[in-house]
2 protein chains.
Amino acid sequence: MDDRTGQRIVPQTGRRPENRYGNRPTMKDVAARAGVGLKTVSRVVNGEPGVTPDTGRRVQEAIDALGFRRNDSARVLRKGRTASVGLVLEDLADPFYGPLSRAVEEVARAHGALLINGSSAEDPDREQELVLALCARRVDGLVIIPAGDDHRYLEPEIKAGVATVFVDRPAGRIDADVVLSDSFGGARDGVAHLIAHGHRRIGFIGDMPRIHTAAERLRGYRTAMEDAGIPVEDSWMSLGVTDPERVRCAAEEMLAGPAPVTAIFAGNNRVTVTVVRVLAGHHRPVALVGFDDIELADLLKPGVTVVAQDAAALGRTAAERLFRQLDGTLITPERIVLPTRLITRGSGELPPAG
Amino acid sequence: MDDRTGQRIVPQTGRRPENRYGNRPTMKDVAARAGVGLKTVSRVVNGEPGVTPDTGRRVQEAIDALGFRRNDSARVLRKGRTASVGLVLEDLADPFYGPLSRAVEEVARAHGALLINGSSAEDPDREQELVLALCARRVDGLVIIPAGDDHRYLEPEIKAGVATVFVDRPAGRIDADVVLSDSFGGARDGVAHLIAHGHRRIGFIGDMPRIHTAAERLRGYRTAMEDAGIPVEDSWMSLGVTDPERVRCAAEEMLAGPAPVTAIFAGNNRVTVTVVRVLAGHHRPVALVGFDDIELADLLKPGVTVVAQDAAALGRTAAERLFRQLDGTLITPERIVLPTRLITRGSGELPPAG
């Protein structure tokens, strides 16, 4: 392959190639400046044998003088592999994804791969666009926190060799590696903990019902209530976007009226933070258990009892499976569920008031 | 596509994006309204010379009145550019970078560009490796939170047309666009606030001294002390890595002995969180002001007084400058300093004890 074709991307999905190089120095420029042939420059750039030390030095001087850099994308084309991994998050600003991202990056780095991040903002179309954009950039693999529930669009990519692991939420309508926290069991245990402390009127505030973790945590809540023989009233459950205004309204509604809830189970860290604020201004104590740990939860009065996930373990497990797919030692897709951990700090142990 | 919603990625390899702006005003419309030729409008838009101030103003008024925006995508196609921006962070898991990343991503998305993230883990070599890897992947531009202090390695990339904006910390040894928070002024004001509440023995715990923000905040501390005529003892200042063990030791040392500090200024959010924990277990009240806001700071007892930065504004400002570089309307590198804001919540207003 000569350097002209080397400077073009041929995307695997048959999209139009495009010259992406502007006015950067090419191998041809280096060859001209060093007074050698293109093949010689290619040998030096790729560390191949067959170049005398003197010629090698001349080529290197030309490379330095021109600021030439090898086009990794062209190498991708030749070798069929980049060293890069894409991570598709839901929200770059959600603190839950910080340790998860860092764990994926650390595993990627240990394998010599670059991590490329992006976020879907909980929009399935945006997720698909981002995933396909990353595939078009020839990532070796993808760790995906999915926003959507139909991932058949990934089938051609997976067939073309892109390793794929879903994390935090399962893939939809395709057979894929999945690493999850035990949302159902964690929520069930957290709600059972409130019941064990005497609560019967327990509210549940969660994320949008189409999100797998939100649905599973609601199912855990309902199961714990059913196991205790407590009929659940509709007004005790609120699922929706987790912005502070919505959560605040939901909490205040459950806490108002003649028969308010005496405890709240918060379906994720964003919900917990808002509920903590609402309860801080409330006229009587209300018990609270939150899914996901939050920073400084132990220093609040009362401390916030939580069902903690290990976000770093999720990321690490997913990334390690990804590289096992890439090195061919992992063939069969599996679903791995990591346990959660109840951390009692006071708010979940308050007795029912009123 | 409607660029206001920013809901779609303009793909970098295939689909033709030239109709992205639909029936938006064109340069022709601007020329007609301003009563000038097309070339004049082009000169103004591209910041080229040869336009009188008066004409420039007339064109700018027409641009503003019509809401004209240059069609970046057409330019992408013409110049063979990809639409992607790299963001090099210090630590993916630091909550300060969450809103910053999201703001950069939102601006990138509004310009039809994909955001590629990576982190340097505060290692200058890793920063350089990551930056050059992103350049080799042909990003259009880079927003960099630098770990190193010598960025001459970027000069060939900048010459080759890669737009570059440094954020949170300045570039080293190159002339570049920089967007910073007022670390010096913020720290000076925060320490002056403690002095105004009667403290003289004030400790400063900050990040590693080679980090620009850490050095600037220390300078702010020293200036406030000097302005108040208070000689600073060496044992009151501790700079180093911000892991909890180091910070805990530093705080405990300052709080021990016959003449302990009565107040601490914490140099960033990681330091503040650890100092809050140390003070929660301390036998007498110690005043605290932290640089950076922290979640739930208002609900702690006492609430944590902070010097808040606007992380989202840093990211947004940096990304907007990046795209102004790319569309040719920003030529001269500048240093932009965003103000900080003192938020009083109780911990910084405690009187000296002991």
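This is a predicted model: local features need pLDDT of at least 70, side-chain atom pairs count only at pLDDT 80 or more; totals for chains, interfaces and linings use all residues.
View 1. Strands of a sheet pair through backbone hydrogen bonds, either parallel or antiparallel.

**View 2. The open sheet of chain A.** The sheet is built from 6 strands of chain A in the order 9-8-10-11-12-14, and its pairing is mixed. Strand 9 (237-239) and strand 14 (341-343) of chain A stand at the edges with a single partner strand each, so one side of each is left without a neighbour in the sheet. On average, and with direction ignored, neighbouring strands of this sheet are turned by 15° against each other.

**View 3. Helices against the sheet of chain A.** Helix 10 (residues 212-227) of chain A packs on the sheet, where it touches strand 8 (202-206), strand 9 and strand 11 (287-291) of chain A, and its direction makes about 170° with that of strand 8 of chain A. Helix 12 (residues 269-280) of chain A lies across strand 8, strand 10 (263-266) and strand 11 of chain A, and runs at about 160° to strand 11 of chain A.

**View 4. The crossing of helix 2 and helix 4 of chain A.** The axes of helix 2 (residues 27-34) and helix 4 (residues 53-66) of chain A come within 9 Å and cross at roughly 125°, and the two helices are therefore oblique to each other. The crossing in which helix 2 of chain A passes helix 4 of chain A is right-handed. Among the residues that meet here are Val30(A) and Arg33(A) of helix 2 of chain A, with Val59(A), Ile63(A) and Leu66(A) among those of helix 4 of chain A. By class, this contact has 7 nonpolar, no polar and 3 charged residues.

View 5. In chain B, 6 strands form an open sheet in the order 7-6-8-9-10-12 with mixed pairing, and the edge strands, strand 7 (237-239) and strand 12 (341-343) of chain B, each pair on one side only. Strand 10 (residues 305-308) and strand 12 of chain B pair in the antiparallel sense over 3 bridges, and Ala308(B) has Arg341(B) in strand 12 of chain B as its bridge partner. Helix 8 (residues 183-196) of chain B packs on the sheet, and its direction makes about 170° with that of strand 9 of chain B.

Terms used
Residues are numbered from 1 along each chain as its sequence is written. Chains are lettered from A and ligands numbered from 1 in the order in which they are written. Side-chain values use heavy atoms; hydrogens and water are left out. Two strands pair if DSSP finds at least two bridges between them. Helices (H or I, at least four residues) and strands (E, at least two) are DSSP runs, numbered from the N terminus. Axes are lines fitted to C-alpha atoms, for helices over the stretch in contact, and angles run from 0 to 180 degrees between N-to-C directions. Contact means heavy atoms within 4.5 Å. Angles under 35 degrees count as roughly parallel, over 145 as roughly antiparallel, 65 to 115 as roughly perpendicular and the rest as oblique. A crossing is left-handed if the near helix is turned anticlockwise from the far one by less than a right angle, and right-handed if clockwise. Ala, Val, Leu, Ile, Met, Phe, Trp, Tyr, Cys and Pro count as nonpolar, Asp, Glu, Lys and Arg as charged, and the others, Gly among them, as polar.
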